[in-house]
Amino acid sequence: MKKVFMPLLVIGILCLIPYVGVQYAGLGYLFAVIIPCVSLVILIAGVAWRIVNWLIRPVPFRIPTTCGQEKSLDWIRHDKLESPSYFWQAAARVLGEVLLFRSLFRNTKAELYAGPKLAYGSTKWLWLGGMVFHWSLLIIVLRHSKFFFSTVPPFADFLDNADRFFDITLPAFYMTDALVLAAISFLVVRRLRDMKLRLISLPTDFFPLFLILAIALAGMSMRYVTKINVLPVHDQILTLMDHSFVLSGEIGVIFYVHLFLVCVLAIYFPFSKLMHAGGIFLSPTRNLCNNSREKRHSNSWNPDIKFKSYAEYEDAYREKMKKAGLPVEKE
Amino acid sequence: MSKYVPKLSELKQEFEKKKPVLLKEDYSGKEWRDLPVEFRDGNWCFPGKPEVLEDLGFPNPRKWAATDADWQLPDGWEKTIRDGLKSRLKRFRSFKLFLDTCVRCGACADKCHFFLGTGDPKNMPVLRAELIRSVYRNDFPLAEKILKGFSGSRKLTAEVIKEWHLYFNQCTECRRCSVFCPMGIDTAEITMMARELLNLIGVNNNWILAPVSNCNRTGNHLGIEPHTFVQNIESLVEDIEDLTGIKVNPTFNRKGAEILFITPSGDVFGDPGVYTMMGYLLLFHHIGLDYTISTYASEGGNFGMFTSNEMMKKLNAKMYHEAKRLGVKWILGGECGHMWRVVHQYMDTMNGPADFLEEPVSPITGTRFSNAASTKMVHIAEFTADLIYHNKLKLDPKRNDHLLTTFHDSCNVARGMGMFEEPRYVLRSVCNSFHEMAENTIREQTFCCGSGSGLNAEEFMDIRMRGGFPRASAVRQVQETHKVNTLVTICAIDRASLPTLMTYWNPGVSVYGLHELVGNALVMKGEKKRTEDLRESPMTGLGEGEE
């Protein structure tokens, strides 16, 4: 399974780079300041470039996939979400995709039985795994914002407390940590176990999963295993935010690994399938209204096409038309 | 049965080996790009004839077959494909997005009827798209270029073209995968682009291009010239008179009619479409509609859609052109699938604005079809549902008691238009026995007949019967549980292809158009005693209670 081991190997090398760089080459400044700043710029500029690059391309036709009844006769119930007629209905549909993965919620599993007969079972595992994965990541990212302010913002504080609901270990265990590990394991295992998925998977499907896994493991080991002092980390980030690039205090090397992998993710993001995060908002089968018979939609490059006119048609068939008693324009 | 399809028992055996998984072989340790591309009897359509290509001005006319080793591609074909790809990426945000945003989650994998029927991994929608993505990645986004082997890219070769031809002609553009895709990726869009690209280098399908050429020349896919077109409908008028004693009186190319009626030419020429046509004629007579039929815009369907964007526009242009010439107020469209995808999602944009027409209003009920305010074209099921709702039709559903029905949603009307309730309302009003198929096989999750998008060719029978298997399996279930013997559709390609599918998988089930059942149930003023339906089968529901 080259396509699984190759990304794993790359992640291993990526982990070693900051380890060697900081521990042996004394490049703390490079890994703590320069690389994070550069990768942040690449992330922002790259994502902006990709989105603009999509936006400049025209949407010639209204092609929503209609998954519910269109707006038609007054007495027929219109499915406003699945066959939106107005902007806000389409917006709600897109938000349903972004926040709740509604299309994935529909997922079924087809199986073949004697007969032959096909049966379709509901299968929500991928939906559940995807939801847990993405929502955990979002919460984890948001609760990291406490490192970026000298006083913790209320929302981060709230998330932090909620996430530590099961206060049974010291330091208190975050639920999202466990959830994200479970979700990543599920997503990797299903790619390996199901032959269909094994066939469709590329190295670029495993790489981001392994990368996020490595980031999470490095972060967790800092918190639960080596229990490194977070204060220098906090100070380090705050001094960065103040634009004074000065290294303060001693920081464990595992932190550099964690940070470097995050930087790799940030750089990788705009140039990979991870851009689906932006693309999902633009998907023309979801974000367009199903009102193309009601309102004309124009196409900026509508080609000028010469078609066979009625006059040409009549010229070709006039005698036959007359014989058949059809009215003609010219005798 | 066709020589291009295995015996049912052979196919059943093959399926027996696959259950419950769907892949036809064990692919452990294999990569899809190493799997061979195999053309054999029954899995490819005959290519466009040279004279058809010349007539259309299409490139590279020649005699060839998919089984040839050398496809005689024109010089510089690689550049043509690359430039064509670039130009389409520039013009269609959809295409670019759908190539970029796939995460290969696999939700689409077992949603495709061709995958379910063949077990061929490259029929999983995600892999079908990867056939193009792998080339796109090799040629385009620069960052992925650095990561080549890593990102799964490959070179454009003649073998890749063969693979595209095989698999983009095993997609009926039915959009079922797009319902389940969390990114909303629509393989139909990708297939449409792929077929456009293949047409640029003369890799094509005669079953699509011959109708396109016919339609351009004579006004309809079947190539029926005006006098024959009229004769055909007149013979249907005679049949109606024999059966009901009523003489209906359609007019042709009549200026000043209120409504222009356009339906697929299959309804005029093909069995069982003609019975649906008889239903329309009876209905229009029943309500005294002021309508006319055109011999010039005599095709509702549009095989241009399966060829190229420009060809779709060219063939569709006749509808508005003729409506304007005849001075009608609006257009009424018959039962058809892809015709309605074109009319609903493309026509106004391509050939509008239709400012010479009026917002459609039903002359019988006064209902304003504001959902068609701009396009000015109304679907016959919407029109009839409105008539029935306002009690404007005298119907006797008992006349359809010999038909135990189920309803097949046509892909394009379902997922490219969103019309689910109107045909069901009409069907429930005109017959007494209606049972839905399993919920994962109807409405937005409906399965294609397996022969859509110009793949209804005889020589393609093997793949057609496999692709239609999910639909047939769902029909089989209602046939067993509810003794269903009638599969009702609102699509001309369904009417042409489902009878074969039923004969193969579910003998005993016949295929009907919705308005054929309407025609059966209509109680016409001054009719003679009805004992037979439009197919001259005896009506069994006419017992003692009959007036």
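Predicted model: local features only at pLDDT ≥ 70, side-chain atom pairs only at ≥ 80, totals over all residues.
Local features need pLDDT of at least 70 and side-chain atom pairs count only at pLDDT 80 or more, while totals for chains, interfaces and linings use all residues. Residues are numbered from 1 along each chain as its sequence is written, and chains are lettered from A in the order in which they are written.

Q: Which helix of chain B gives the largest share of the side that touches chain A?
A: Residues are in contact if their C-beta atoms, placed from the backbone, lie within 7 Å, and the contact takes 98 residues from chain B and 85 residues from chain A. Helices are DSSP runs of H or I with at least four residues, numbered from the N terminus. The largest share on the chain B side, eight residues, comes from residues 309-326, helix α16 of chain B.

Q: How many residues does domain 2 of chain B give to the contact with domain 1 of chain B?
A: An automatic or database domain assignment supplies the bounds, dividing chain B into domain 1 (31-204) and domain 2 (212-521). Their centres, taken over C-alpha atoms, are separated by 30 Å. In this contact domain 1 of chain B supplies 23 residues and domain 2 of chain B supplies 28 residues.

Q: Which residue of β2(A) is the bridge partner of Thr108(A)?
A: Strands are DSSP runs of E with at least two residues, and two strands pair if DSSP finds at least two bridges between them. Strands β1 (residues 108-113) and β2 (residues 117-122) of chain A run antiparallel and are joined by six bridges. Within β2(A), the bridge partner of Thr108(A) is Ser122(A).

How values were computed: Contact = placed C-beta atoms within 7 Å.
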